[in-house]
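Here's a quick tour of a protein model for anyone just starting out. Keep the 3D view open and follow along as we go.

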Amino acid sequence: MTPLPAPVSVPATLILRTAGTNCDRELAHAFELAGAATTTLHLNELIADPARLEGFDLIGLPGGFSYGDDIAAGRIFANRLKHRLYEPLLAAIDRGVPMIGPCNGFQVLVKLGLLPDPHAGRQQATLAHNTSGRFIDRWTPMTVEAESRCVWTKGLGDHDLPMAHGEGRFEAPDDVLDALEANGQVAVRYADNPNGSKRDIAGVCDPTGLVFGLMPHPERHLHFTNHPSWTRMSDAERADTPVGLRYFENAVAYVRERSAAAV
């Protein structure tokens, strides 16, 4: 009799980087604090051996300025994934691998077509230039959709996260936006909509709740001292798990629970 696989206690996480990526270490640190082990691969390494994807329980696409954001933010990275790794990534989603893409990672996931629906077979939305025409670098208040199916935001309340982008305005046709809202795929919204996103959308997930992208950076709020108001926090507030870290703890817990249930 073939022995059953052991439950996953330390999920293996792939951090996929390329030219211009600059938030890969922060993303790896977030996963590691949440209890996962990380491996960072350059895109070319994965293209050379796509089967390596099968060894990972979680996937992260970091922020930054991949390929200098030439043509449009995330477009070249997305095109390379589309033509060389789309099917292996779809297979990873279908076997239950959670994925996250903050900022440039969100831009890549949307332009690749993994968000908002990886099985649609086409790009359905985009991240356009901020309505201000300027790069925005600030902390922003966000509201969490309680009915969202997103595994990454489970149990989170409204909170602040840092944002830093010039092309973060979420745009999609009304029928796509209506479907996202009806299907519980809007995960977080801006409280003050600094970039002009349609319906205040800051982040969305796919229909499974596993694939999640957002423009703000949860990986930049892993310690209470990251928050600009940390000197005014109470001892209790400083002792709380920073909200950015909780995103990653949710995903790690999901993988562990799913693995244990399969044994």
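Val204 stands opposite Gly213 in strand E11. These are predicted coordinates, so to speak of local features pLDDT must be at least 70, side-chain atom pairs count only at pLDDT 80 or more, and totals for chains, interfaces and linings use all residues. Residues are numbered from 1 along each chain as its sequence is written, and side-chain values use heavy atoms, with hydrogens and water left out.

**Around strand E11**

- Strand E10 (residues 201-205) pairs with E11 in the antiparallel sense, over three bridges. Two strands count as paired if DSSP finds at least two bridges between them. Helices (H or I, at least four residues) and strands (E, at least two) are DSSP runs, numbered from the N terminus.
- The hairpin of E10 and E11 has five residues between the strands, and Gly209 there takes a positive phi near 85°.
- E11 also runs parallel to E4, joined by four bridges; Pro102 has Leu214 in E11 as its bridge partner.
- Which residues of E11 (residues 211-214) are buried on its two faces? Val211 and Gly213 are buried on one side, and Phe212 and Leu214 on the other. Buried means under 20% relative accessible area, exposed means over 50%, and partly exposed is in between (1.4 Å probe, protein chains only).

- Strands E1 (residues 12-17) and E2 (residues 37-42) run parallel and are joined by six bridges. Ala12 has Ala37 in E2 as its bridge partner.

**The nonpolar core**

- Which residues touch the most other members of the largest nonpolar core? Trp152, Phe170 and Tyr247 do, in a core of 75 residues. Helix H8 (residues 243-262) gives this core its largest share, seven residues. A nonpolar core is a set of buried Ala, Val, Leu, Ile, Met, Phe, Trp, Tyr and Cys residues joined through side-chain atoms within 4.5 Å.
- Leaving aside neighbours within four places in sequence, Phe170 is in contact (heavy atoms within 4.5 Å) with residues including Phe106, Leu127, Ile201 and Val204.

**Loops worth a look**

- Cys103 sits in the loop between strand E4 (99-102) and helix H5. Its phi is positive, about 55°, although Cys103 is not a glycine. Cys103 is buried, with a relative accessible area of 5%.
- In the loop between strand E3 (58-60) and helix H3 (75-84) you'll find Tyr67, another non-glycine residue with a positive phi, near 55°.
- Ser66 belongs to the loop between E3 and H3. Buried or exposed? Ser66 is buried, because its relative accessible area is 2%.
- Not counting residues up to four places away in sequence, Ser66 touches several residues, among them Thr18, Gly20, Phe77 and Asn104.
- Pro116 lies in the loop between helix H5 (104-112) and strand E5 (126-128), and the peptide bond from Leu115 to Pro116 is cis, with omega near 5°.

**The whole chain**

- The protein chain has eight helices and 11 strands.
- Buried residues make up 52% of its 263 residues.
- Along its principal axes, the C-alpha trace spans about 60 × 45 × 35 Å.
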